[in-house]
Amino acid sequence: MQPEAFSELFPLFESASPETVEWLVSVSTQHEYPADRAVLMEDAWGNAVYFIESGWVKVRRHAGDSAVTLAVLGPGDFFGEMAILDESPRSTDVVALAPVKLLSVSAQRFIQTLFKDSQLHHRMLQLMVQRLRLTNFRFQLRHQPPAVKLANTLATLSEAYGQPVDGGVTIFNIPIADLADVTDISEEETSKIMEKLVEKGWLKVDEANETLVLSNVKQLSQLAGKG
Ligand SMILES: Nc1ncnc2c1ncn2[C@@H]1O[C@@H]2COP(=O)(O)O[C@H]2[C@H]1O
């Protein structure tokens with residue numbers, strides 16, 4: 001990948017120096033995983049940070065015999081920084097939801113770059129604060145009706161990863177079970193609300209391309225109380 005394309009795709013690198021970006025691109029390794037393949041395993045020792053060039057992953061934590069999806073991450077995002085920053089084992093599994101192309105940078109090189117480039121360091125802190133804000137907002141919504149919670153999930157994913165298309169914004173058609181987990185509502189509630197959103201014309205499911213087209217992200221955000 002060209003350094004310019006790299007800083008355009010990844011918000012983390014938008015204010016990094018051109019030298020930082022060029023060097024990181026030159027030392028990064030490319031990976032491709034098919035859908036359902038685990039990229040990282042909970043409790044394993046971590047030695048790299050990953051950047052999503054294309055495709056989608058889920059962040060999954062084991063709870064007894066089952067597993068819960070905590071987050072869904074898409075193109076332009078990163079993961080695997082937690083184990084690197086506090087030198088502990090991986091906090092969760094990260095599993096490909098769709099075929100995914102990743103770039104990885106070794107822990108040592110990434111940390112070295114954070115120390116060298118204060119703009120990159122600051123941007124990383126901002127993005128981690130953003131994750132904490134999302135978590136706080138989700139917690140605040142815990143007693144809200146399921147439709148409000150799902151509107152928040154869809155609006156948040158569209159704002160972070162949505163691609164403009166004719167008639168709205170498109171994101172990956174996330175499996176109902178994962179969408180339900182991330183929203184903290186049941187699968188039945190999730191399916192029913194998705195059907196209602198389709199009836200209202202706010203949502204189209206494009207089965208062939210495995211995408212959702214959201215025609216009204218602004219109204220979804222308002223329904224979620226985001227603005
Ligand atoms: N709530 C979350 N939201 C987004 N990403 C997460 C969340 N929890 C864990 N992750 C990512 O999943 C990764 C698993 O490996 P790490 O613990 O190294 O770093 C973790 C984060 O990058």
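## Between two domains

Domain 1 (3–139) and domain 2 (144–224) both contribute residues to the lining of the largest pocket, so this pocket lies between them. The domain bounds come from an automatic or database domain assignment. The model is predicted: local features need pLDDT of at least 70, side-chain atom pairs count only at pLDDT 80 or more, and totals for chains, interfaces and linings use all residues. Residues are numbered from 1 along each chain as its sequence is written, and side-chain values use heavy atoms, with hydrogens and water left out.

## The largest pocket

The largest pocket has a volume of about 1,000 Å³. A pocket here is an open set of points, on a 1 Å grid over the protein atoms alone, where a 1.4 Å probe fits, with protein on both sides within 12 Å along at least five of seven lines. Grid points are joined across faces, edges and corners, and a volume is the space filled by probe spheres set on the points.

The lining holds 38 residues. Lining residues have an atom within 4 Å of a point. Ala71, Leu73, Asp77, Arg131 and Leu134 lie nearest the centre of the largest pocket. Strand E5 (66–73), strand E6 (78–79), helix H3 (81–86), helix H5 (118–140) and helix H6 (146–161) each give two or more residues to this lining. H5 gives the most, with nine residues. Helices (H or I, at least four residues) and strands (E, at least two) are DSSP runs, numbered from the N terminus.

By class, the lining of the largest pocket has 21 nonpolar, nine polar and eight charged residues. Ala, Val, Leu, Ile, Met, Phe, Trp, Tyr, Cys and Pro count as nonpolar, Asp, Glu, Lys and Arg as charged, and the others, Gly among them, as polar.

## The second largest pocket

The second largest pocket holds about 180 Å³ of space. It is lined by 13 residues, and Arg138, Phe139, Val182, Thr183 and Asp184 are the closest to its centre. H5, H6 and helix H7 (176–183) each supply at least two lining residues. Domain 1 (3–139) and domain 2 (144–224) each provide at least three. The lining of the second largest pocket divides into four nonpolar, four polar and five charged residues.

## Around the ligand

A polar side-chain atom of Glu81 is 2.5 Å from an oxygen atom of the ligand. A polar backbone atom of Ala83 lies 2.9 Å from a ligand oxygen atom.

Definitions and conventions
A polar contact is a pair of N or O atoms within 3.5 Å; within protein, one must be able to donate a hydrogen and the other to accept it, and residues adjacent in sequence count only if both atoms are side-chain atoms.
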